Amino acid sequence: MTDKSADNRPAVMTADVIVVGMGIAGACAAIEAAETGSTVIALEGASGPGGSSAQSGGEVYLGGGTATQQALGIADTEEDMRAFLLAALGPNADEAKIADYCAGAVEHHDWLVSHGAVFNRKLWDTPTWMPGDDSGLMWMGERAEPYASLATPAARGHRPPAPNFAGNVLMDSLVATAQKAGVDLQCDVKARSLIVEDGRVVGVRATQFSEEREYRATGGVVLATGGFVDNDRMLEQWAPQQLGKDKVSDGRDDGSGIEMGIEAGAAVRRMHQTETAMLVIPRLVVGAMLVDGDGQRFINEEVYPGLYCHAAVYHRRPPVWVIIDEKGIEDVPESELWGMQPMHAAEIIEELAADCGLPADALADQLRRYNAGAERGEDPQFGKNARWVRPLEPPFGAYPTGAGGPDTFNGLPLKAQGFTLGGLHTDLQSRVLDRAGEPIAGLFAAGRCTHGLHGDGYISGTSLGDGSFFGRRAGRGAAGVTDTVAAGDVTGSAPA
């Protein structure tokens, strides 16, 4: 409904629920709200929906025995999923949110499928950032130590039926479902501030092509505006380590929803935390040695690549290199090599070390120790699976990573990239909390504008996963429906 009582006043539109942002969190919030019978207006600042979710790999991290897992003969439990995520997303992962998410993962899988998502019953079985085919399930490092000793491994990366970047396939389905449910999607609308009356959030002030508008919510407002990686001012304040690095986003992760929430009294959490990626080939790395500037391995190369990228960029002395041999390169399918050959090659490991700027004696000793274990089919240092362990023999090759070393490789920039993980403090009902830990009446949030599941670690699929899961909660809450959560702590806070 639109009301413009005077020419000099902004146009006013009213609905039961206003959703700001139409990435995966906003789309799922809008669907859930609409399916309660509420009227819903969804505001998107871009000229079309999807946001950064549509430009992602499309993975949704789900487990506990989903129909897709069962069809592929993969046994899984809620307990194993929770144990893996607590370890892989830590230290300081949000235990309450993870427990709640894992308890609802099977139902959430079925909800996504019933609302348009497709997960083919086909498994991609080797380490990768994104499968190059239409596989519907992939591994996210669950088989790698130390995680395999903490939780029985199960593939949990559910993804749409498209190669590589498949987020648009998932988002097209969800947006179509939202519009079919009656959601009024309005694009090119830039939300500017929240409207607060008598301590309650009752709407949003916005502009559309410089025209001022007010969107009033009789129920609640859902913020689903994404992170703040595109806002250098906010990065300088909260996550300065991300400054100067490339940004993984649609270019509109400007932190506006976070700042609107702060202006309304919201607390924020874990604003310093970021996801990190580098130009590395996971299938190549897993059969190689990943070494730091001291010429030493520092992690199991079989873990999810984002974990070793983050460790390399923020916790190791640069430069970090992938050290491999000719057979290791030949073992990688050409489609996964991206046409890349080593930057340096040498018959003698000490010569390769010199080319890479690494200490020769240290790298040679690391190679000797790695090969001694590999001769027995073992990795005494980090427990890499025997499938990927064999002695490395000359000639040796070296690939740069982007953690120190050269700036470009094969004509491509090597700069590390990433996005932010911190944001508004929300509880398990997706209510936004103030600095005293109390819900702000009428205000809900989900997705990357909130702090989510994460501690210092990141696994692909946990952004789209927690954004869609808690987006649903936000939509229902804004529509006046209160869910009974699986976990007992409704604050969604991790232990101190």
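## Asp 466 in helix H17

Asp 466 lies in helix H17, which covers residues 462-478. The model is predicted, and every value below is computed from it.

Asp 466 has a relative accessibility of 1% and therefore counts as buried, the cut-off for that class being under 20%. Beyond its neighbours within four places in sequence, Asp 466 is in contact with Tyr 101, Arg 448, Gly 452, Leu 453, His 454 and Gly 471.

E10 pairs with strand E9 and with strand E11, as set out below.

## Pairing with E9

Strand E9 (residues 189-197) runs antiparallel to E10, and 8 bridges join the two. One of the bridge pairs links Lys 190 to Thr 207 in E10.

E9 and E10 form a hairpin with 2 residues between the strands. In this hairpin, Asp 198 adopts a positive phi near 55 degrees.

## Pairing with E11

On E11 (residues 211-223), the pairing with E10 is also antiparallel and extends over 6 bridges. Ala 206 has Arg 213 in E11 as its bridge partner.

E10 and E11 likewise form a hairpin, with 2 residues between them. Phe 209, in the turn, has a positive phi of about 50 degrees.

Definitions and conventions. Residues numbered from 1 in each chain as written. Predicted model: local features only at pLDDT ≥ 70, side-chain atom pairs only at ≥ 80, totals over all residues. Heavy atoms only, no water. Pairing = 2+ DSSP bridges. Helix = DSSP H or I, 4+ residues; strand = E, 2+ residues; numbered from the N terminus. Buried < 20%, exposed > 50% of the residue type's maximum accessible area, 1.4 Å probe, protein only. Contact = heavy atoms within 4.5 Å.
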